[in-house]
Amino acid sequence: MTKRRLLTGLQPSGPLHIGNYFGALKPFLSMYEEYESMLMVADYHALTTQKNPEELRRNTLDIVKDYLAIGIDPKKAVIFRQSDVPEHMELAWIFQCLVTVPFLERAHAYKDKVAKGLEANAGLFAYPMLMAADILLYDTDIVPVGEDQRQHIEYAREAAVKFNNAYGDTFKEPREKILRGVATIPGVDGKKMSKSYGNTIPLFGSKEEIRRTVMSIVTDSKGESPEIVYAIHSSLKGREELSELYKTNRGNYKALKEALFADIEREVAPMREKRASIGDEDVKGVLAEGSKSARKLAQMKMKFVREKIGIAL
Ligand code: AQP
C-alpha cells in the first residue's frame, strides 16, 4: 500500500525559536516516518518579511541544519527549498487568478501581521495562494498544523475546489492534522512567539543566550503564577508536574524561570551538539537531492495543469 503524503514547511525568516520547534518540528518528527513526507524551506514566503539577502542565505542553510539536528533523516523525508521548484510560483499565480480579493482579505494571519506593524505588501496578502500551491502541487493528503494555521488549509482546499470546478478534477483536497495539545507558544512579551516580532527564545541559541531570554520573560503581576512562563513551560511538561513545581515556588518568579531554562536546556543541549557537527556543504548536498525529487513531482503535476488550463499548446 502506498503511503499518504504529508507536507510541512517553515520560513527561513530568522533563527528558529522554541515555538517553531514545539509547534511544528517536534510533531513532524513524531509522525513523518508513517508518511511519504516532504519538509520544505519556505524561502519565497520569507521574502514577505526578509529583505536582507545575506541573512536569507544564512537562515536558509541554518534552518536545514536545524531540521537535521532535531533528528529528521533526509533519506526518510524529502527536504527541499521552495525556490528550487519554480512550479510553486507558477501554480500560485494560477490560483490567484481564481480567487477574489475579498476572499483573501478574510485571512486572519494577514490581518494579524499588518496589525502588528508588518508591511502590507502584496506578497503577504497573496501568501495563502502560494501556500495552497505548496500543498496541492504534491497531492498532499495531510498538513500537520497548529490551530492558528487551520484557515490556511481551508484556503488550500478552496483553491483546489475552485480549480476543479473551473477545469475538471485535478487537485486532491488536503486535510489539516490539527495537533491536539499543541498550543501557540507566547514570546517573552506575551504575544505569539514569532521570528518577526523580536520576542523569541532561540531554539539553537547558546546556553547563555537562552538563559538570558528566559530571564527576560515579562512577568505579569496578576496572581502568583507567572502566566507567560507557565504557558511556555506547558510545551515541555505536563499539567501535573507543573502544578507541583508552581505550587512549591509560588511567587518565586526567578526560581520558576530557572526551572524553565533548565528544562529547555535539557531538551536542546543534545541537538545543539549534533548541530555543531553539520556543515554548510552537508546542507547543500541534502538540498540538492531533495530539490531534485520535489521538482520531478512538481513538473509532472504542472504538465497536467498546463494542459487543463490551455497553456500547453
Ligand atoms: N509561537 C508559536 N507557537 C507554536 N507554533 C508556532 N509556529 C510558529 N510560531 C509558533 C509554527 O511554526 C511553523 C512554521 O512557521 P513559519 O516559519 O512558516 O511562519 P510563522 O507561523 O509565521 O512563524 P513565525 O516564527 O511567526 O515566523 P514569521 O515571524 O517570519 O512569520 C508553523 O507550523 C507554525 O504553526
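Predicted model: local features only at pLDDT ≥ 70, side-chain atom pairs only at ≥ 80, totals over all residues.

K195 sits in the loop between β5 (175-178) and α9 (207-215). Residues are numbered from 1 along each chain as its sequence is written, and side-chain values use heavy atoms, with hydrogens and water left out.

What does K195 touch? Leaving out residues up to four places away in sequence, K195 touches Q11, S13, G14, P15, L16, H17, N20 and T200, where contact means heavy atoms within 4.5 Å. Take P15: P15 and K195 are 180 residues apart in sequence, yet 7.0 Å apart in space, C-alpha to C-alpha. With Q11, a polar atom of the K195 side chain lies 3.1 Å from the backbone oxygen.

Now the ligand. There are 20 residues around the ligand, and S13, K113, S194, K195 and S196 come nearest; a residue counts as near if one of its heavy atoms lies within 4 Å. An N or O atom in the side chain of K195 is 2.5 Å from an oxygen atom of the ligand. For K113, a polar side-chain atom lies 2.5 Å from a ligand oxygen. For N20, the distance from a side-chain N or O atom to an oxygen atom of the ligand is 3.2 Å.

Next, the domains. The chain is divided into domain 1 (5-182 + 281-309) and domain 2 (195-275), with bounds from an automatic or database domain assignment. The centres of the two domains, taken over C-alpha atoms, are 29 Å apart. How many residues are in contact? On the domain 1 side there are 22, and on the domain 2 side 16.

Domain 1 and domain 2 bury about 1700 Å² between them, 65% of it on carbon and sulfur atoms. Buried area is the accessible area (1.4 Å probe) that two parts lose on being put together, summed over both. In domain 1, I18, F22 and A69 lose the most area to domain 2, together 34% of what that side buries.

Finally, charges. The rule finds three salt bridges across this interface, each a side-chain nitrogen of Lys or Arg within 4 Å of a carboxyl oxygen of Asp or Glu. E267 and K26 form a salt bridge, with the closest N and O atoms 3.1 Å apart.

Terms used
Polar contact = N/O pair within 3.5 Å; in protein donor to acceptor, adjacent residues only side chain to side chain. Helix = DSSP H or I, 4+ residues; strand = E, 2+ residues; numbered from the N terminus.
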